[in-house]
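Here's a quick briefing to read with the model open beside you. Have a look at the fold before going through the points.

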Amino acid sequence: MGKLVFLFVFLSFGIVNAQQASVSVVKYEELEKRIQQEKDKLLVVNFWSTTCAPCVKELPHFIEVNNKHTDEPKFKMILVSLDRLADKEKVNSFIQNKNITAEVILLDDIKRMNIWIPKFENDWNGNIPVTLFYKNGLKVHFNDGEMSKEELEDTINKNLF
């Protein structure tokens with residue numbers, strides 16, 4: 001019985017903190033729909049790229065904070081890669097190497113960025129990293145540029161409950 005309980009706990013922990021096997025590829029409309037579907041949560045949406053030094057620099061903070069809130073039912077983080085579709089395998093390797101447990105999607109919609117960027121935020125000039133915070137489907141905070149762990153945690157704590 002003890003071994004069975006250990007196995008259950010081990011498998012449950014592995015499932016909760018598991019990395020995704022492959023990044024999902026979406027268009028803007030699908031991402032917008034996902035944001036609207038997470039109405040009962042504080043949703044943290046970070047736009048980044050594997051080739052963006054400030055993005056890669058802040059990513060460990062996002063990973064740590066996401067892991068801290070894994071059991072919080074009112075919290076969700078989505079990391080939106082703006083890498084090219086041709087670099088999907090590079091993104092998959094990056095996710096595995098960095099032990100990223102937050103959901104990662106690849107936004108394959110670069111040709112229409114002048115259309116969807118202002119729909120996320122009028123003040124967004126297209127640079128990354130950018131992080132948007134949504135609560136009940138409504139944007140509550142926009143951060144243009146790199147975030148420190150403290151800034152990320154403060155913004156989450158102000159808006160989570």
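**The sheet, a helix and a disulfide**

Six strands make up an open sheet with mixed pairing, ordered β1-β4-β3-β2-β5-β6. Strands here are DSSP E runs of at least two residues, helices are H or I runs of at least four, and both are numbered from the N terminus; two strands pair if DSSP finds at least two bridges between them. Because β1 (24–26) and β6 (138–144) sit at the edges with a single partner strand each, one side of each has no neighbour in the sheet. On average, neighbouring strands of this sheet are turned by 25° against each other, direction ignored.

This is a predicted model, so to speak of local features takes pLDDT of at least 70 and side-chain atom pairs count only at pLDDT 80 or more, while totals for chains, interfaces and linings use all residues. Residues are numbered from 1 along each chain as its sequence is written, and side-chain values use heavy atoms, leaving out hydrogens and water.

**Strand pairing**
- β1 and β4 (residues 103–107) run parallel, joined by three bridges.
- Ser24 has Ile105 in β4 as its bridge partner.

**Helix on the sheet**
- Helix α3 (residues 53–68) lies across β2 (42–48), β3 (75–81) and β5 (130–135).
- α3 runs at about 160° to β2 (axes are lines fitted to C-alpha atoms, for helices over the stretch in contact, with angles from 0 to 180 degrees between N-to-C directions; contact means heavy atoms within 4.5 Å).

**Disulfide**
- The structure has one disulfide (a pair of cysteine sulfur atoms within 2.5 Å).
- Cys52 and Cys55 form the disulfide, with their sulfur atoms 2.3 Å apart.
- The Cys52 and Cys55 link is right-handed, with 75° about the S-S bond.
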